[in-house]
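Please open the model in your viewer, with the sequence panel beside it, and keep a selection tool at hand. The tour moves from one selection to the next and says what is there at each stop.

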Amino acid sequence: IKPTLITPAPAPVPKPTPKPEPQVKSSETPISPTPATEQYTPTDSEELKTMMALPGKKVKSYDFVYAPPPDNLARDHYYIKGNRFRISLYNLRAYRTDTYYDTVYVDTTSKTAVGYCEGTVPGRCRNTSAVFDLSYADFLIKTPYQWLMEIPNGEIRGSEKIFDRPSKEVYYEKDGVSRTLWLDEYSGLPLRVIEEKRGNQTKYEFRYMSINAVTDDYVVHVR
């Protein structure tokens, strides 16, 4: 019997190990979870400081017709001197002669408001010496000077005429509210203020402003 020849099995051929692909660093910027927004940076403007100092140098008294929101109709006329001011009220068509007053005198030191019927419209006053004690809070507004003094810092963005008066446009942001004020170049007092919060605008205007025309006897009632 012939011996059977056993052929050894071929040695397994090792599989080639794949070479790792070289990693390429991305040059793209990762997407931010919230879009970047332009941040307001307050400025320290010497020109604005100069304008804010003008009332202390030039203004002894002033008057204006107030046009408040929401309709910005110019109605009541304010005359301000020192700690006193007078309001000549807009005259309504309907009125009662026993409770009618057309002028209010406000004293911010004693925190009082007193009304009189001074006859700004003929035939409406029965008694010009009658005194009406009024609510002090009902006749307070933020005056142009108070608006001015609230500016912490800001930037002057341009010039334009407001009610025929040359003015500087000043912008600033505070406590989530942006404010734009147009300051009278002569007195530094605001002629217009616009507040914007969450896309809603509120406008205040001080029209027909006159500087240093109010005298002491005009802010007290003369019997």
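The stops below go from the whole chain to its aromatic rings, a hairpin, a disulfide, some backbone angles and the pockets.

**Before you select anything**

This is a predicted model, in which local features need pLDDT of at least 70 and side-chain atom pairs count only at pLDDT 80 or more, while totals for chains, interfaces and linings use all residues. Residues are numbered from 1 along each chain as its sequence is written, and side-chain values use heavy atoms, with hydrogens and water left out.

**The whole chain**

Show the chain as a cartoon, and you can follow three helices and eleven strands, where helices (H or I, at least four residues) and strands (E, at least two) are DSSP runs numbered from the N terminus. Read from the N terminus, the elements follow the order α-α-β-β-β-β-β-β-α-β-β-β-β-β. Of the 223 residues, 35% count as buried; buried means under 20% relative accessible area, exposed over 50%, and partly exposed in between, with a 1.4 Å probe and protein chains only.

**The aromatic rings**

Next, select the side chains of Tyr62, Phe64, Tyr66, Tyr78, Phe85 and Phe206, which ring pairs link into a cluster. Rings of Phe, Tyr and Trp (its six-membered ring) pair if their centres lie within 6.5 Å, and planes under 30 degrees apart count as stacked, over 60 as edge-to-face and the rest as tilted. By this rule there are ten aromatic pairs. Phe64 and Phe206 make an edge-to-face pair, because their ring centres are 5.2 Å apart and their planes stand at 90°. Since Phe64 belongs to strand β1 (residues 62–67) and Phe206 to strand β11 (residues 200–211), this pair ties together parts that are 142 residues apart in sequence. Phe64 is buried, at 0% relative accessible area, and Phe206 is buried as well, at 0%.

Another pair to display is that of Tyr78 and Phe85, which is tilted, with 5.9 Å from centre to centre and 35° between the planes. Tyr78 counts as buried, at 5% relative accessible area, and Phe85 is buried at 6%.

Now select residues 155–162 and 165–174, the strands β7 and β8, which run antiparallel and are joined by seven bridges; two strands pair if DSSP finds at least two bridges between them. What stands opposite Ile162 in β8? It is Arg165. The two strands form a hairpin with two residues between them, and in the turn Phe163 has a positive phi of about 55°.

**The disulfide**

Select Cys117 and Cys125, which are joined by a disulfide with an S to S distance of 1.8 Å; a disulfide is a pair of cysteine sulfur atoms within 2.5 Å. A search of the whole structure finds one such link, and with -80° about the S-S bond it is left-handed. Cys117 is buried, at 3% relative accessibility, whereas Cys125 is partly exposed, at 22%.

**Backbone angles to inspect**

Most residues other than glycine have a negative phi, and most peptide bonds are trans. In the loop between β1 and β2, find Pro70, where the peptide bond from Pro69 to Pro70 is cis, with omega near 5°. Then go to Lys111, in the loop between β4 (103–107) and β5 (112–116); Lys111 has a positive phi of about 55° and is exposed, with 53% relative accessible area. Asp175, in the loop between β8 and β9 (177–184), has a positive phi near 55° and is exposed at 70%.

**The pockets**

Finally, select Tyr62, Ile80, Gly82, Thr143 and Tyr145, which lie nearest the centre of the largest pocket among its 20 lining residues. On a 1 Å grid over the protein atoms alone, a pocket is an open set of points where a 1.4 Å probe fits, with protein on both sides within 12 Å along at least five of seven lines, and lining residues have an atom within 4 Å of a point. The volume of this pocket is about 340 Å³, taken as the space filled by probe spheres set on the points, which are joined across faces, edges and corners. Elements that each supply at least two lining residues are α2 (54–58), β2 (77–81), β3 (84–88) and α3 (144–149).
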